[in-house]
Amino acid sequence: MNYWDFNLRHLRAHGIVARAGSISAAARTMGLTQPAITEALARLEDRLGLALFDRIPSGMLPTEAGQLLAARADAALAHLGSPRVTMAQFRALLAVAEGGGYAGASLATGLAEPSLHRAVHDLSVALRRMLVERRGRNVVLTAAGKRTVRAFRLARAELIAALSELDTLRGRESGRITIGAMPLSRARLLPSAIMAFHRAHPSIIAAIVEGSHAELIEPLRDGELDLLVGALRSAEAGGDVVQQPLFDDHPIVVSRAGHPLTKAKKRDIAALARYPWTIAAPGTPLRAQWEKMFADAGVSVPEVPVECGSVMTIRQILLESDFLTLLSRDQVSVELEAGWLVKLCDTPPGLKRTIGITTRTGWRPTAAQQGFLAALQNCSETL
């Protein structure tokens, strides 16, 4: 079953019956007849191929599948924010947002452009806010539209999680985990955790999206990513994300083999400041720590002619110049073993980055996602 095959009214009825324990309560709340509610539940059970309720003399008792679905459906409907939203409208708005307009949405979904126009228009009326507007030949989201799309993406994530959890009840795992990988996680932690997870859950797809914190934090908030792995920030505005530390990383000063400082008797902070550096841009934890290293020593911060966060690019720059950099030992372990790059010196004891996991506040991982979090924790303890 595809998550778009859900009927939102059926999900709402299911949630009310699961909480109240009776069909009559759902009928009163939704303004429908009891036979209509009964039929809605029967159709939902038929689509899923699972019994959602045990019919008992005192009413309706949700099965384990019914409890799982009710929790996810309630969360999805809360994100949608209105009982007037239909699945066609839900799908149309996300398709327009992700397809860059009605033409792209039509290509992605196979739905006719007039149908998509009508669904988005009806949704705007139902929610009483303008969601898209024309700018020349283009269609763009309004500010209200962007907020609505984020909420709808979070609702979609809950429906996807529901199907994954129900598959687990059937004895077959399905679904995927989408991981935002920041630079420091890619060398050892993430590959080790993914392989440990894959051995335990071979049917689950692990999708890795690489990027900086700035590039990944909004997709996380939108529900497009399940979690981020990498250097934690000192604080996150808005209180809508949670950070879990795993371990501290202590960077080292790295240069090419044969760099003039490899032959120097003294490699103090002043000596390091005499050479150009390539390092991440301002605003990143590593750049802040690097600047503090010189400031604490009373030495002027050296030049950074090349701001870069790519280890591959930094490696080549070091090999072809007298530039210096700060990197985790794990990030250049191959180059150090091969003798292409060398560790000039350690950094002061206080210079460190906390590596960890960032998730949305209130995110409830599926059993498979919880298994991946455990794999990250276990692998971090061996680093």
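Strand 9 (residues 252-256) is joined by three bridges to strand 12 (residues 325-327), the two running antiparallel, and Ile252 stands opposite Leu327 in strand 12. Strands here are DSSP runs of E with at least two residues, helices are runs of H or I with at least four, and both are numbered from the N terminus; two strands pair if DSSP finds at least two bridges between them. Five bridges join strand 9 to strand 13 (residues 341-346), again in antiparallel fashion, with Ser255 opposite Val342. Five of the five residues of strand 9 are buried, so the strand is largely enclosed by the rest of the structure, where buried means under 20% relative accessible area, exposed over 50% and partly exposed in between (1.4 Å probe, protein chains only).

This is a predicted model, in which local features need pLDDT of at least 70 and side-chain atom pairs count only at pLDDT 80 or more, whereas totals for chains, interfaces and linings use all residues. Residues are numbered from 1 along each chain as its sequence is written, and side-chain values use heavy atoms, with hydrogens and water left out.

The count comes to 28 salt bridges, each a side-chain nitrogen of Lys or Arg within 4 Å of a carboxyl oxygen of Asp or Glu. Arg150 and Glu218 meet in one of them (2.4 Å, N to O), linking helix 8 (residues 143-169) to helix 10 (residues 213-222) across 68 residues. Arg364 forms another with Glu158, at 3.5 Å between the closest N and O atoms; because Arg364 lies in the loop between strand 14 and helix 15 and Glu158 in helix 8, the pair ties together parts 206 residues apart in sequence.
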